[in-house]
Amino acid sequence: MIPITEYAGKDVAVYGLGRTGLAAARALKAGKARVHAWDDSEDTRAKAEAAGIPLSDLNKRDWQSFAALVLSPGIPYRFPQPHRLVRLAQMTNVPVVGDMELFARAVQQLPERGRPKVIGITGTNGKSTTTALIGHILKECGMDARIGGNIGTGVLDMAPLHANAYYVLELSSYQLDLVKSLHCDVAVMLNVSPDHLDRHGGMKGYVDAKRRIFLNQQPGDTAVIAVDDTITQTLAMDLAARGGVRVTQVSSEFALGRGVSAVNGNLFDSLSGNAIRVGDLNEAPALPGRHNHQNAAAAYAACRALGIEPARINAAIQTFPGLAHRMEQVGEIDGVRFVNDSKATNAQAAEQALRAYPRVYWIAGGVPKAEGIGPLNSLFNRVAKAYLIGDAADAFARTIENVVPFEKSGTLEKAVSSAFRDARASGEENPIVLLSPACASFDQFKDFEARGDAFRHIVEDLGGNALVKVMKESA
């Protein structure tokens, strides 16, 4: 835990008691603040109380007494409209901060030579894999790396700050919206495409939130930017024109004259202006597809900025185990492989999985995003058949009608069963059943992790002893 001492002896409101809210409440309490925590969910409040978090109904409090409102990132801050407690804070001039801002201030309170390195990673897609990969590389190279933020451990639940540590932090647009003081020694921007637009008042607000990762960078810091979309290309040019910060461009589409490129899986380092082939990303089993090659190129560039030698980075990339729910092969039955890409909650993420495989039996659906699956039109020829689930089934069926064979399976269990039946009967060599929903999960599951876990369990039940044998052989 990282104790937050800034509010010692003061009253602080904490609203939203999920993973980050609980971590913030614990850190503030450890720093001797008087914590007043609340959540609208009775079950969530009960769990927090059982964990020793002091509860107080913030709707009934005198807000004049609060030194700050610590807001969980899932609570609307500005759009579609501020939450009622945010409005209360604003009316009483109570500052609104997030867990990442508390972390940033705690770092700034340390003497400059006593501060850890902070590596921040954001982007619409790929940030979890890139965060985990950078952390893995640093650990493999003997560094004291702590991985968290929007992935895994909440930032304030991480090990205490010290000068030789490396904090590798996944940063969501929600978290970045609430930061003012965060300083990243290395800041990574992977890509930007429409997402969470309701929470940011449109595309401009979303892009502006993402840009905040570079807000406090100084001369000597590094901005790693993947330039495979027009928004990030513009951002890279803007930062380079501003000067001071080192801008390292990376790409999985273009051979860059200066930067880091992953061309057909070959990783090239041209940071000095001369292209040097570092390794073959096709040999990294947990990083299939061009999008993962972009992630690997960005991770390589970040670690080079931290002074790690190319050969050591490449060796660590090859041993990366991957992440659950991100193109994770969960088993094989009678030659049919099952791939769990439940993290693909929008069309852009699903596109990466469809590009990685020449032919799939595709399970898609859930709560659709505004763009639906129309942007995937050019990849429909890779889909042998689609199995549509959840709220999006009717809309997705209209999109692919007369283009892709499909059935409205309704439930994930029915979709897996039908896809396995058809894949096994196809006669294809090693056919793939791919869960890459292009949708949020909230119609049928608590979150994408629950959806991916359900997929894994359904596959296990489907395969019985055959699957257990395959999984043991590949362990």
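1. In this note, Ala, Val, Leu, Ile, Met, Phe, Trp, Tyr, Cys and Pro count as nonpolar, Asp, Glu, Lys and Arg as charged, and the others, Gly among them, as polar. The model is predicted: local features need pLDDT of at least 70 and side-chain atom pairs count only at pLDDT 80 or more, while totals for chains, interfaces and linings use all residues. Residues are numbered from 1 along each chain as its sequence is written, and side-chain values use heavy atoms, with hydrogens and water left out.

2. The largest pocket holds about 1400 Å³ of space. A pocket is found on a 1 Å grid over the protein atoms alone, as an open set of points where a 1.4 Å probe fits, with protein on both sides within 12 Å along at least five of seven lines; lining residues have an atom within 4 Å of a point. Its volume is the space filled by probe spheres set on the points, which are joined across faces, edges and corners.

3. The lining of the largest pocket has 39 residues, and nearest its centre lie Asn150, Phe442, Asp447, Phe448 and Glu449. By class, the lining comprises eight nonpolar, 19 polar and 12 charged residues. At least two lining residues come from each of helix H1 (19-30), helix H5 (127-140), helix H6 (173-177) and helix H15 (448-463). Helices (H or I, at least four residues) and strands (E, at least two) are DSSP runs, numbered from the N terminus.

4. About 980 Å³ lies in the second largest pocket. It is lined by 43 residues, with His291, Asn292, Asn295, Met327 and Gln352 closest to its centre. Two or more lining residues each come from H5, helix H10 (290-305), strand E14 (328-333), strand E15 (336-340) and helix H12 (347-356). This lining divides into 15 nonpolar, 16 polar and 12 charged residues.

5. An unreviewed UniProt entry gives the annotation "binding site" to Gly123, Thr124, Asn125, Gly126, Lys127, Ser128 and Thr129. Of these, Thr124, Asn125, Lys127 and Ser128 belong to the lining of the largest pocket. UniProt positions are in the numbering used here, feature names are shortened, and annotations may be inferred rather than shown by experiment.

6. Is Asn125 buried or exposed? Asn125 counts as buried because its relative accessibility is 14%; buried means under 20% relative accessible area, exposed over 50%, and partly exposed in between (1.4 Å probe, protein chains only). Asn125 lies in the loop between strand E5 (117-122) and H5. Leaving out residues up to four places away in sequence, Asn125 touches Leu190, Asn191, Ser193, Asn346, Gln348 and Ala349; contact means heavy atoms within 4.5 Å.

7. Gly126 is also in the loop between E5 and H5. At 25% relative accessibility, Gly126 counts as partly exposed. With residues up to four places away again left out, Gly126 touches Leu190 and Asn295.

8. In H12, seven of 10 residues are buried, among them Gln348, Ala349 and Gln352. The elements covering the buried residues of H12 include H10, strand E16 (360-365), strand E18 (383-389) and strand E20 (432-435).

9. The largest nonpolar core has 54 residues, and those with the most contacts inside it are Leu28, Phe103, Leu156, Leu169, Leu182 and Phe214. Such a core is a set of buried Ala, Val, Leu, Ile, Met, Phe, Trp, Tyr and Cys residues joined through side-chain atoms within 4.5 Å. Apart from this core lies another, of 38 residues, including Ile119, Leu281, Ala299 and Ile317.
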